[in-house]
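Please find my comments on the model below.

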Amino acid sequence: MQNDSERDRILIKRVKSGETAAFSELVRYYQQGVFKLAFNFFNDRDEAMEIVQESFLRAYEKLDKFEGVKGKGAFKSWLFRIAGNQARSRLRR
């Protein structure tokens, strides 16, 4: 039985090797948590959904820079940091 970090590393390796559909599995695992985080910033469903979309898009675009595959970090932490940054950036606008 694999833990979350191991599952994430496997999925990320699959995405990086060209199997982009594997990213959908990551979205499925973390979408609700990212939504909750974003909703806490805005208390607005539509704003929170925008942050969710922006966060996963940013994570996908920057996945090549994620070091967790080498054991240097957890994807969940990295993703939630992206989401928090997206939310703070939107609040500043």
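**Notes on selected side chains**

1. Y60 has a relative accessibility of 36% and therefore counts as partly exposed; here buried means under 20% relative accessible area, exposed over 50%, and partly exposed in between (1.4 Å probe, protein chains only). The model is predicted: local features need pLDDT of at least 70, side-chain atom pairs count only at pLDDT 80 or more, and totals for chains, interfaces and linings use all residues. Residues are numbered from 1 along each chain as its sequence is written, and side-chain values use heavy atoms, with hydrogens and water left out.

2. There are eight aromatic pairs in the structure. Rings of Phe, Tyr and Trp (its six-membered ring) pair if their centres lie within 6.5 Å; planes under 30 degrees apart count as stacked, over 60 as edge-to-face and the rest as tilted. One of the pairs is F23 with Y60: the centres are 5.1 Å apart and the planes at 70 degrees, so this pair is edge-to-face. It links distant parts of the chain, 37 residues apart, with F23 in helix α2 (residues 22-42) and Y60 in helix α3 (residues 45-61). Helices (H or I, at least four residues) and strands (E, at least two) are DSSP runs, numbered from the N terminus. F23 counts as buried because its relative accessibility is 7%.

3. Y30 and F75 form a tilted aromatic pair, 5.8 Å centre to centre with 55 degrees between the planes. Since Y30 lies in helix α2 and F75 in helix α4 (residues 75-92), the pair ties together parts that are 45 residues apart in sequence. Y30 is buried at 6% relative accessibility, and F75 is buried at 2%. Y30, F66, F75 and W78 form one aromatic cluster.

4. Two charges sit over rings, by the criterion that NZ of Lys or CZ of Arg is within 6 Å of the ring centre and within 35 degrees of the ring normal. R7 lies over the face of Y29, 3.5 Å from the ring centre. K76 lies over the face of F80, 5.7 Å from the ring centre.

5. N43 is not a glycine, yet has a positive phi of about 55 degrees. N43 is in the loop between α2 and α3 and counts as exposed at 61% relative accessibility.

6. S55, in helix α3, is buried with a relative accessible area of 0%. A polar atom of the S55 side chain lies 2.7 Å from the backbone oxygen of I51. Not counting residues up to four places away in sequence, S55 touches V34, L79, I82, A83 and Q86, where contact means heavy atoms within 4.5 Å.

Definitions and conventions
Polar contact = N/O pair within 3.5 Å; in protein donor to acceptor, adjacent residues only side chain to side chain.
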